[in-house]
Amino acid sequence: MADAASHMLLGSGITILSQPFMYVKVLIQVGYEPLPPTIGRNIFGRQVCQLPGLFCYAQHIASIDGKRGLFTGLTPRLCSGILGTVVHGKVLQHYQDSEKPEELGPGNVQKDVSSSFDRVIKETTREMMARSAATLVTHPFQVIALRSMVQFIGRETKYCGLCDSIVTIYREEGILGFFAGLIPRLLGDIISLWLCNSLAYLVNTYALDSGVSTMSEMKSYSQAVTGFFASMLTYPFVLVSNLMAVNNCGLAGGSPPYSPVYTSWVDCWCVLQKEGNMSRGNSLFFRKVPFGKTYCCDLRMLI
């Protein structure tokens, strides 16, 4: 119980601190560029035409809605984080409880019939089920959070309160409206989890010497590196999920000219891939203007 409470507090703190970062990221993902490109320098010192980074973008939002406006969408994100932590823990606890009778069998001898890779598969499967259950339960809050943030583009007030947003989505789109963008989000989570754990197993088993005194520390580093690598590869699923969550929902940010109306998440994926925008919003600091791309802005079009 204490561990669950500490995880909730830590998760809530991270969510609050990261909300301005997430707010800017979501607006960039939908293609909203309110500020013109500027001349800057890349990591090699060369002059390039680049779009404003995180801090300039956040300053623009604060200049319109105040610093408090940077935390738009925080309430549904907090609800999502707390509920997700509870569901994730309950599912894992269920698997642990179901194993106890087997461990306390005749002779009280635990059979070691599985290889290390079998254990990785077993643990990853359990984690996948726990994450999927948490994602399924919390996705409605994700949809509300995204739409409340995207309202900044058209200055709407359609998704302001949590209860009002639930009523609005149910009235206009029914139950399915709460799960817009769910499939790519689930696929991204599952692929990222299996990729991360598989790569970590290969690195820890074949690349690291078991005789090293700091082996446990090295394995934790390898887990972090492979996790980062997996999240980079599966970022397009996150982008597509967020775009589908706000697509054609009655907001300016989810409708032309900011965003085309997609028939499905596969259609969204194909359009982004064709335009070369699969990594849009992945970087918030060195944002080079894509050649030949057009951005929708306030009272102007950037080419």
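Predicted model: local features only at pLDDT ≥ 70, side-chain atom pairs only at ≥ 80, totals over all residues.

Student: How much of the protein is made up of buried residues?

Tutor: Of the 303 residues in the protein, 40% are buried. Buried means under 20% relative accessible area, exposed means over 50%, and partly exposed lies in between (1.4 Å probe, protein chains only).

Student: And what does the accessible surface come to?

Tutor: The accessible surface of the protein is about 17,200 Å², and carbon and sulfur atoms account for 64% of that area. Accessible areas come from the Shrake-Rupley method with a 1.4 Å probe; for residues, only the protein chains shown count as cover.

Student: Which residues make the nonpolar surface patch?

Tutor: F55, F285 and F286 make a nonpolar patch of about 380 Å². Patches are made of residues with over 30% relative accessible area and no salt bridge; like charges are joined within 9 Å, and nonpolar side chains (Val, Leu, Ile, Met, Phe, Trp, Tyr) within 5 Å. One of the three, F285, sits in the loop between α9 (265–275) and β3 (287–288). F285 has 46% relative accessibility and therefore counts as partly exposed.

Student: Changing topic: how many salt bridges are there?

Tutor: The count comes to four salt bridges. A salt bridge is a side-chain nitrogen of Lys or Arg within 4 Å of a carboxyl oxygen of Asp or Glu. One of them joins R155 and D65, whose closest N and O atoms are 2.6 Å apart. R155 lies in the loop between α4 and α5 (162–173) and D65 in helix α2 (residues 54–65), so this pair ties together parts that are 90 residues apart in sequence.

Student: Are R155 and D65 buried or partly exposed?

Tutor: R155 is partly exposed at 46% relative accessibility, and D65 is partly exposed at 29%.

Student: Which residue forms a salt bridge with E127?

Tutor: E127 pairs with R131, with the closest N and O atoms 2.9 Å apart. Both residues lie in helix α4, four residues apart, which is about one turn of the helix. E127 is buried, with a relative accessible area of 19%, whereas R131 is partly exposed at 35%.

Student: What about K158; which side chain does it meet in a salt bridge?

Tutor: The side chain of K158 meets that of E172, at 2.8 Å from N to O. K158 lies in the loop between α4 and α5 and E172 in helix α5, so the pair ties together parts that are 14 residues apart in sequence. K158 is partly exposed at 25% relative accessibility, and E172 is partly exposed at 43%.

Student: At what angle do the axes of α4 and α5 cross?

Tutor: The two axes cross at roughly 100° and come within 11 Å. That makes α4 roughly perpendicular to α5. Axes are lines fitted to C-alpha atoms, for helices over the stretch in contact, and angles run from 0 to 180 degrees between N-to-C directions. Angles under 35 degrees count as roughly parallel, over 145 as roughly antiparallel, 65 to 115 as roughly perpendicular and the rest as oblique.

Student: Which residues in α4 and α5 meet?

Tutor: F141, V143, I144 and R147 in α4 meet L162, S165, I166, I169 and E173 in α5. Contact means heavy atoms within 4.5 Å.

Student: How do α4 and α8 pack?

Tutor: Helix α4 (residues 116–154) packs against helix α8 (residues 235–246) at an angle of about 75°, and their axes are 9 Å apart. These two helices are therefore roughly perpendicular to each other. On the α4 side, H139, Q142, V143, L146, R147 and V150 meet S241, N242, A245 and V246 in α8.

Key. Residues numbered from 1 in each chain as written. Heavy atoms only, no water.
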